[in-house]
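Let's walk through this fold together, going from the sheet to a few side chains. Have the viewer open and follow along.

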Amino acid sequence: MATDDDAVWTFDAADGELTLHTGVAGRAARMGHRLTIALTRWQASVNWVGGQPDTATLVVEVDSLEVLRGEGGVKGLSGPEKTLVRANALKSLSASKFPEIRFEADSIDKTADGYRLAGKLQIRGKQRDHVVDLHTEELDDSWRLSLESAVRQSDFGVKPYSLLMGSLQVADEVTVSFAATRRKA
């Protein structure tokens with residue numbers, strides 16, 4: 001995957017999707033929903049130098065989260081329940097005080113099936129080292145990019161939502177998935 005020379009690639013929700021997947025924990029975990037949440041406003045950029053990716057940045061607007069579905073649980077999630085889940089997530093993330101989630105990769109190394117990006121992930125004002133493995137696939141007229149990355153909420157001061165005195169809670173580790181397509185020049 002290379003470019004002609006020095007370039008900047010940008011991506012947003014029109015190019016792909018960014019989703020968050022939660023699990024459930026606690027004694028009453030069977031009652032809870034494993035959630036799929038879309039992050040609908042985000043922008044990623046990759047700076048290329050000498051035909052190789054040099055740095056990358058992803059910025060997500062926290063209040064763009066939308067609850068798509070909940071699997072498991074006693075019954076399916078209704079529209080009002082999805083609204084409540086969204087409100088609880090925004091509160092847990094302190095979205096009004098910390099409106100963005102950011103990942104800035106300052107080291108990008110080629111791997112067998114893509115690139116390893118190492119840098120800083122910032123959530124709720126806390127910054128931690130984070131590494132993601134980006135899978136790249138060459139298609140006829142485009143590149144397909146994808147990744148999955150685990151993030152532990154408590155590392156960033158996020159207290160996972162819980163109820164029933166902690167018997168039912170969102171699992172501390174969540175999975176972020178990214179998929180996008182980039183047309184070849």
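How many bridges pair strand β10 with strand β11, and in which sense? The answer is four bridges, in the antiparallel sense, between β10 (residues 126-138) and β11 (residues 142-152). Some ground rules before going on: this is a predicted model, where local features need pLDDT of at least 70 and side-chain atom pairs count only at pLDDT 80 or more, while totals for chains, interfaces and linings use all residues. Residues are numbered from 1 along each chain as its sequence is written, and side-chain values use heavy atoms, with hydrogens and water left out. Strands are DSSP runs of E, at least two residues long, and helices are runs of H or I, at least four, numbered from the N terminus; two strands pair if DSSP finds at least two bridges between them.

Back to our pair: a hairpin of three residues takes β10 into β11, and Thr-136 sits opposite Leu-145 in β11. β11 also pairs with β14 (residues 173-183), antiparallel again, over 11 bridges. There, Glu-148 faces Ser-177 in β14.

Zoom out and you get an open sheet of 11 strands, paired antiparallel, in the order β1-β5-β6-β8-β9-β10-β11-β14-β2-β4-β7. The edges belong to β1 (7-12) and β7 (65-72); each has a single partner strand, so one side of each has no neighbour in the sheet. From one strand to the next, the twist averages 20°.

Now for side chains. Ser-142, in β11, is buried at 4% relative accessibility (buried is under 20%, exposed over 50%, partly exposed in between, with a 1.4 Å probe and protein chains only). Among the residues Ser-142 touches are Glu-137 and Thr-181. Glu-137 also meets Arg-144 in a salt bridge at 3.4 Å, N to O, where the rule is a Lys or Arg side-chain nitrogen within 4 Å of an Asp or Glu carboxyl oxygen. Glu-137 is partly exposed at 32%, and Arg-144 is partly exposed at 37%. Shared partners link Arg-41, Glu-61 and Asp-63 into one salt-bridge network. The salt-bridge count comes to 11.

Note on methods
Axes are lines fitted to C-alpha atoms, for helices over the stretch in contact, and angles run from 0 to 180 degrees between N-to-C directions. Contact means heavy atoms within 4.5 Å. Lists of a residue's contacts leave out its neighbours within four places in sequence.
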